[in-house]
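Here's a friendly walk through one protein model, looking at a helix and then at a couple of pockets. Have a look at the structure first.

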Amino acid sequence: MKGQKAIQKHLSGQDPVMARLITEIGPCALKKRDPYRALLGSIVSQQLSTKAADTIWKRMMEVIGHDLSADNILKYSVEDFRSAGLSNAKASWVLDLSDRVIRGAVDLNAFDTLDDDAVKKELLNLKGIGSWTADMFLMFSLNRLDILPVGDVGIQRAIRVHYGLKSRPSERTMVRIARNWQPYRTVACWYLWQSLDA
């Protein structure tokens, strides 16, 4: 990530919790992901533990012969994806996304030229894509540096732990705490997620 030292210095100077986490965890390893693969992964992993999502993703890869192209995905049916462990809804969303990509109804590569709100608006028009998935896409596929996923349970838990709160923080509380992280809220969230695994 470009300018990582400057970002770490900014976060450390603004927030002692971030200063501690950055010292403990080290450099941020935020990497760009392929947009199509990222959206498929988000659909598959919704409302699942990481372990369950990984298992289903591996089964899906076996079903499709590890060819993760929209053309190839469309060779399979809802029933094929159900055999990998996807629900009916998720299987239909995977096929719908692939169909839209092939038809050019959605141009994932054009998202680089749009601002955050415009990307989110486009994504929310896709079946199976909600606000959380849109936030993850902005953070991990487009590497937008100032995203705060207020609906993410992991971020809520990490804020409660590290900021000494008695209960899960409200959206308003999260926005207030994260004000110090701007314009690098994505990076701060990455550190919070890593702290849960430490």
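## A well-covered helix

The buried residues of α3 are covered by, among others, α4, α5 (70-73), α7 (88-103), α8 and α9. Keep in mind that this is a predicted model. Which residues of α3 are the buried ones? They are P35, Y36, A38, L39, L40, S42, I43 and V44. That makes eight of the 11 residues in α3, so the helix is largely enclosed by the rest of the structure. Just past the end of α3, Q47 has a positive phi of about 60°.

Now for the open spaces. The largest pocket holds about 1,300 Å³ of space. Its lining counts 35 residues, and those closest to the centre are R33, S45, T50, W132 and M136. Two or more lining residues come from each of α3 (35-45), α4 (50-63), α9 (131-140), α10 (153-162) and α12 (185-197).

The second largest pocket has about 180 Å³ of space. Here 15 residues form the lining, with K120, S131, D135, I147 and L148 nearest the centre. Both α8 (116-124) and α9 give two or more residues to this lining, and α9 gives the most, with four residues.

Conventions
Residues are numbered from 1 along each chain as its sequence is written. This is a predicted model: local features need pLDDT of at least 70, side-chain atom pairs count only at pLDDT 80 or more; totals for chains, interfaces and linings use all residues. Side-chain values use heavy atoms; hydrogens and water are left out. On a 1 Å grid over the protein atoms alone, a cavity is a set of points where a 1.4 Å probe fits but cannot get out, and a pocket is an open set with protein on both sides within 12 Å along at least five of seven lines; lining residues have an atom within 4 Å of a point. Grid points are joined across faces, edges and corners, and a volume is the space filled by probe spheres set on the points. Buried means under 20% relative accessible area, exposed over 50%, partly exposed in between (1.4 Å probe, protein chains only). Contact means heavy atoms within 4.5 Å.
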